[in-house]
Amino acid sequence: MKVTQGTFSFLPPLTDAQIASQVEYCLGKGWAVSVEYTDDPHPRNTYWEMFGMPMFDIRDAAGVMTEVNACRRTFPSHYIKVNAFDSTRGRESLRLSFIVGRPANEPGFALVRQEGAGRTVRYTTRSYATQRPEGERY
Amino acid sequence: MNARVDPMAPGNGTTAAPAADEPLDLEAAYRDSHVGEVLESLDRELVGLAPVKSRIRDIAALLLIDKLRRATGLSSGPPALHMSFTGNPGTGKTTVAMRMAEILHRLGYVRKGHLVAVTRDDLVGQYIGHTAPKTREVLKRALGGVLFIDEAYYLYRPENERDYGQEAIEILLQVMENQRDDLVVILAGYKDRMETFFRSNPGMSSRIAHHIDFPDYSSAELVAIARLMLQQMQYRLSAPADEALREYIDKRRAQPHFANARSIRNALDRARLRQASRLFARHQSEAGGSISRQELETLEERDIRASRVFGGAPQDDPVQNTC
């Protein structure tokens, strides 16, 4: 099951040239681009690990692409995303975030039903991958 | 009439692709790249430096022709454009590097055309494992533009074989080779020390296609430079001051530690200081005397003659100058 999080996630995977031109757009807007990775792609897991610092002083997408490729080499079977942070006063939040790397095999999520009082049912999702410890998931 | 794009037109035997004998519009390509303006401003704003200018012209021509070749479908590998600028201090290496970034940007060789100027401190770390990330960080910042390494010979310290500079050089070499279309590296430094540096790093020398030597300026060129600087700072020289400046330059050139245009800039800055205190002192003694615009923008003879270069400097020199 393909995890669909962030922008462009319903499209076929972006090529490197497409990623570079998206990054170019972000840099043109003056946003700081950063690379993050995780092996726990639960939709509520908003805190992915940072791969290096956010790149505040980069002028060209080639610099970001070297970082993306370095992250892919280091974590070949993790989820990797590119974030663009807008530091404008009053905005100060992510403007764009998209996945640029994912494991070859994505087992997907299980729906867990919890019986509550008075026949109520609580639903939660759980990634099959997280049944194994961190680092051995994909 | 556009017969060229209609191969089906009767009597038109040529193919749609540009034919071998079709004239390409070099003039239009030249105009579109706006490189002419940059070269003109280079001529206008940089005095002397004939060999440098002619080399830059050559490079611009090569890139333009390469662009046309690509448009025609001929093979056009991007030329290696890493350069080394050698010359004495104050001969305009940094200034030309900045112009170079702009020219390469106009010609579409680098994508952004910014200049990242660094020295050894920015590349080499202080302990094991510190150098590589530091160098990579700088390279990442410079991608898409020009990396200018001032006094590059400090990267290599032969007297200390455990020096981390070697590591920075190796990373640089790797990027210079593999990401040639992302980055142009310009090394700068004194001629003799750069030659030693290249002798001990043949890999570096062979990856640099353009070795450009910056000659020292002649007295006449230095005067022209001084005029240009004053014009930019919106100052004028009175006629005797102009004469004094010529003498100053001749005398200063003969002294040690002469740093060409940089010495001239410093001399002018000191003259400005003297002019300011002269006007201020007069204002105070006359109590309320107004200063005209002409006085504000004119440097007088004594502002220049007060320099220590002229030997027995007058006792009332308000500016403590060291040279």
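Analyst: A residue is called buried if 20 or more other C-beta atoms lie within 10 Å of its own, and exposed if 12 or fewer do. Please keep in mind that this is a predicted model.

User: What percentage of the residues in chain B is buried?

Analyst: Chain B contains 14 helices together with seven strands, and its contacts with a separation of 6 or more are, for 75%, between residues 24 or more positions apart. Out of the 323 residues in this chain, the buried part comes to 32%.

User: In what order do the strands of the open sheet of chain B lie?

Analyst: The sheet is open, has five strands and shows parallel pairing. At its edges are β2(B) and β5(B), each of which pairs on one side only, and neighbouring strands are turned against each other by 20° on average, direction ignored. Read across the sheet, the order is β2-β3-β4-β1-β5.

User: Which residue of β3(B) is the bridge partner of Val116(B)?

Analyst: The strands β2(B) and β3(B) run parallel and are joined by four bridges. For Val116(B), the bridge partner in β3(B) is Leu147(B).

User: How far apart are the end C-alpha atoms of helix α6 of chain B?

Analyst: Helix α6(B) covers residues 131–142, which makes 12 residues. The expected span takes 1.5 Å for one less than the number of residues, so a helix of this length should span 16 Å.

User: Which element of chain A do the buried residues of α6(B) pack against?

Analyst: The buried residues of this helix include Thr131(B), Thr135(B) and Leu139(B), and the helix lies across β2 and β3 of chain B, running at about 155° to β2(B). Within chain B, the buried residues of α6(B) pack against β2, α5, β3 and α7. In chain A, their packing partner is α2 (61–74).

User: Is Gln234(B) buried or exposed?

Analyst: Gln234(B) is found in the loop between α10 and β6 of chain B, and its phi is positive, about 60°, although it is not a glycine. Because a residue with 12 or fewer C-beta neighbours within 10 Å is not counted as buried or partly exposed, the 8 neighbours of Gln234(B) make it exposed.

User: How many residues of strand β5 of chain A are buried?

Analyst: Strand β5(A) runs antiparallel to β6(A), to which seven bridges join it, and Val112(A) has Thr124(A) as its bridge partner there. The two strands form a hairpin with five residues between them, where Gly118(A) in the turn has a positive phi of about 65°. β5(A) lies largely in the open, because the number of buried residues among its seven is zero.

User: Which residue of chain A is among those that touch the most other members of the largest nonpolar core?

Analyst: This core has 75 residues, and those touching the most other members include Ala97(B), Leu104(B), Val146(B) and Ile186(B). Apart from it lies another core of 18 residues, among them Tyr217(B) and Leu222(B).

Methods: Residues are numbered from 1 along each chain as its sequence is written. Chains are lettered from A and ligands numbered from 1 in the order in which they are written. This is a predicted model: local features need pLDDT of at least 70, side-chain atom pairs count only at pLDDT 80 or more; totals for chains, interfaces and linings use all residues. A nonpolar core is a set of buried Ala, Val, Leu, Ile, Met, Phe, Trp, Tyr and Cys residues joined through C-beta atoms within 7 Å. Two strands pair if DSSP finds at least two bridges between them. Two residues are in contact if their C-beta atoms, placed from the backbone, lie within 7 Å. Axes are lines fitted to C-alpha atoms, for helices over the stretch in contact, and angles run from 0 to 180 degrees between N-to-C directions.
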